[in-house]
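Here's a quick briefing to keep next to the model while you look around.

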Amino acid sequence: EDKDGASDDSDDEIDFLDCPSGLKEKIMWGLSLPIYVPLYYLTPTPKNWFVATFIISLLWIAGFSFFLVWWVEILGDIIFKGSCSASIIMGFTVLA
């Protein structure tokens with residue numbers, strides 16, 4: 001509780017859309033923007049829309065998982081020169 005008797009339950013939130021200082025942080029921030037921006041603007045706040053937020057979060061996780069497995073399979077095709085079974089196994093093993 002604060003001096004006024006009000007409780008401060010909120011965590012320190014970091015605004016991911018603010019540009020940080022430092023070269024390394026700016027590079028990581030720039031590379032992360034394609035993830036941050038859609039998540040920030042297309043996911044509702046859980047205050048009033050908690051069920052929708054939960055369902056949309058599950059859809060984001062499913063979409064990211066699908067694309068990650070797909071991209072690792074493509075990487076396996078490149079590394080193993082088109083061996084279909086090797087790339088599929090790599091797609092599931094590397095991400096596990």
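How many residues does helix α1 have, and what length does it reach from its first C-alpha to its last? Helix α1 covers residues 23-42, so to speak 20 residues, and reaches 29 Å, close to the 28 Å expected at 1.5 Å a residue (the expected span is 1.5 Å times one less than the number of residues). Keep in mind that this is a predicted model, where local features need pLDDT of at least 70 and side-chain atom pairs count only at pLDDT 80 or more, while totals for chains, interfaces and linings use all residues. Residues are numbered from 1 along each chain as its sequence is written, and side-chain values use heavy atoms, with hydrogens and water left out.

**Layout**
- The chain has three helices and zero strands (DSSP runs numbered from the N terminus: helices are H or I with at least four residues, strands E with at least two).
- Leucine 33 in α1 marks a kink of about 55 degrees, shortly before proline 34 (the angle between axes fitted to the seven residues ending there and the seven starting there).

**Burial and contacts**
- Of the chain's 96 residues, 9% count as buried (under 20% relative accessible area, with exposed over 50% and partly exposed in between, using a 1.4 Å probe and protein chains only).
- Among contacts (heavy atoms within 4.5 Å) between residues at least 6 apart in sequence, 12% join residues at least 24 apart.

**Phenylalanine 64**
- Phenylalanine 64 sits in helix α2.
- This phenylalanine 64 is partly exposed, at a relative accessible area of 31%.
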